[in-house]
Amino acid sequence: MKKVTHAVFLLMAASIAMSSPSGALAGENSITSTSEKGKVEQVTPEINKLVEKGVKKAASLLPYLKDYPATEVVLKENAYLIVNKYKSKENRADLVYLVLDKNTGDLLEFGKHEAYNKKSQTLYPIDKSKEIAVSFMKKLYGEDMAGYQLDGDGVAKVFDGQTNTIQFVRMVNGVPFTDDIIQVQVDHEGQIIGKSLGKSIGKISFAKLDQILSKEKAENQLSTYMKLWYSLDQDGKTYKLLYVPAFSGKLDAVSGKDSVNMPYHSKVNVKPKGTSQAVVKSRTEAQVYLTQRTGYDFSKGNAFFEDLTGEKPVIIDYFWKTHKWEGRTNYSWRTEDGWIGSMLIEPKTGSIVYYRVVDTSVSKASTKKLTQEQALQFAINELAEIVPADTGELLLLQPGEYDESTNQYSFHFVKQEQGIPVEDWRTRILINGSNGKVMGIDLNEKVNGVMLDPKKAISQEKAAAALLKKYPLQLQYILQEEGKASLVYTLPSLFDAKIDALTGEFYTYGPTE
């Protein structure tokens, strides 16, 4: 389910505080208005009433609000009013921000921020935190909590060392609506110091329950998505034969098909061009090559160069079973903002094994322009340039994932053995979402090992049954298009959903996956 971290509360509070011009407060208890752009605006009687209503409600729930008498209103262009409460007009570092409905004055969200406050590292007892959070929700929404209930055990999987975050999910027709999650924060003293924004569901139409597949039929449909693949075991000599679910994790509850209409384990035909591979013999050649390929200018931003030969590339962001960086030349670059590039080179031949470039300013300057399909074509074109001439049919493991922070698509292609994909024979290609440039490659390095006979594998149905024993399908509402909530059966976890195809037991590589 979606998670709203403590940082979101504080980020919003801090941004509100910084956006308010100094001297905007006329007095300790006055209400003054500023727009989002910092222009002082007049508070109308109507807005004044809404603010008074919201503050009065907040004061009844948050006893500490009396310590924050100075009030400032930030007029938003959207459906919300922001009310900042300060301890004084001079002390603008400590604040409680309140988000109110612009039409009704209802309290929607709030957060408490205290600068330079040394908080206790002793958390409030979690069971008592739940009781306090539930009591708060009832006071805010009424005895039925507006349909919200504790999400699972109620403990959000976020942790800042100072607060317990209790999570609630909206129930509709007895089914969790996972796009409507509220998190309530309880500090070390048992105070409610934050609540995230819920969702207005008045204009959302929810699918009916009378046409969905039974859970049994959905479980049968899941078995069709169980696919065999090979994965190199810890001994480095044997390939385990596994079943993995090759789908998004959400089955349409009416049709039983993958609710995300995108390819998983789809075939990719590549016609290798057999062109000679680039050779890099020095740091200068490496930098020139990367600039030509990615368009990133390593001379800007005071980039620092480091030779990290024999070490794992710093900006690698996924798990490598084989330590392919060992014995390889590793050139890396960084700026004061962070790491921007790494390249692994085979020292004897100068051939490039891996490179990755991340423009640390991209999130501020660029926006995605390419569609997923367009980016995929750029990745396939790159494959034709770099794969050996004897490369057979490849599989695209899943749709290309887009990372907004780097403006890059990531595609994973794998070779097959006896028609079964081999996880470790993987080539990864990263495509710039704006111009199609190849921002990174991680070439497959085939490891020879014993391949177990696929004829000895259990059936897809037995593999699915083993998976469902640990992770039963869950019925949920999700927003797949604006204003319409669909019903899906979801698999709670795809992270460790690997079944040994010979024994039917769960498989993990090492102590953790």
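## Loops, rings and a helix crossing

Histidine 265 sits in the loop between strand S14 (250–252) and strand S15 (266–268). This is a predicted model, and in it histidine 265 has a positive phi of about 55° even though it is not a glycine. Is histidine 265 buried or exposed? At 17% relative accessibility, histidine 265 counts as buried, because the cut-off for buried is under 20%.

Glutamine 418 has a backbone story of its own. Its phi is near 55°, again a positive value in a residue other than glycine. Glutamine 418 is found in the loop between strand S22 (408–417) and strand S23 (420–432). With a relative accessible area of 54%, glutamine 418 is exposed, since anything over 50% gets that label.

| Residue | Phi | Relative accessible area |
|---|---|---|
| Histidine 265 | about 55° | 17%, buried |
| Glutamine 418 | near 55° | 54%, exposed |

Now for the aromatic rings. Searching the whole structure turns up 15 aromatic pairs. One of them joins tyrosine 296 and phenylalanine 298: the ring centres are 5.1 Å apart and the planes meet at 70°, so this pair is edge-to-face. Tyrosine 296 and phenylalanine 298 are both buried. Phenylalanine 305 and tryptophan 333 make another aromatic pair, this one tilted, with 5.5 Å from centre to centre and 55° between the planes. Why does the pair of phenylalanine 305 and tryptophan 333 tie together parts that are 28 residues apart in sequence? Because phenylalanine 305 belongs to strand S16 (residues 304–307), while tryptophan 333 belongs to strand S17 (residues 329–335).

Phenylalanine 305 comes out as partly exposed, at 25% relative accessibility. Tryptophan 333 has a relative accessible area of 1% and is buried. Both belong to one aromatic cluster, made up of Tyr296, Phe298, Phe305, Tyr331 and Trp333.

Charged side chains also meet rings here. Lysine 112 places its charged end over the ring of tyrosine 64, 4.2 Å from the ring centre. Arginine 334 does likewise with tryptophan 339, its charged end sitting over the ring at 5.8 Å from the centre.

On to the helices. Helix H4 (residues 215–223) packs against helix H8 (residues 460–470) at an angle of about 120°, and their axes are 8 Å apart. H4 and H8 are therefore oblique to each other. The crossing in which H4 passes H8 is right-handed. Which residues meet where H4 packs on H8? From H4 there are Glu219, Leu222 and Ser223, and from H8 there are Gln460, Glu461, Ala464 and Leu468.

Alanine 463 is another residue of helix H8. With 0% relative accessibility, alanine 463 counts as buried. Which residues is alanine 463 in contact with, leaving aside its neighbours within four places in sequence? They are Met226, Tyr243, Ile458 and Ile499.

Notes: Residues numbered from 1 in each chain as written. Predicted model: local features only at pLDDT ≥ 70, side-chain atom pairs only at ≥ 80, totals over all residues. Heavy atoms only, no water. Phe/Tyr/Trp six-rings, centres within 6.5 Å; stacked < 30°, edge-to-face > 60°. Buried < 20%, exposed > 50% of the residue type's maximum accessible area, 1.4 Å probe, protein only. Helix = DSSP H or I, 4+ residues; strand = E, 2+ residues; numbered from the N terminus. Lys NZ or Arg CZ within 6 Å of the ring centre and 35° of its normal. Axes fitted to C-alpha atoms, helices over the stretch in contact; angles between N-to-C directions. Parallel < 35°, antiparallel > 145°, perpendicular 65-115°, else oblique. Left-handed = near helix turned anticlockwise from the far one by under 90°. Contact = heavy atoms within 4.5 Å.
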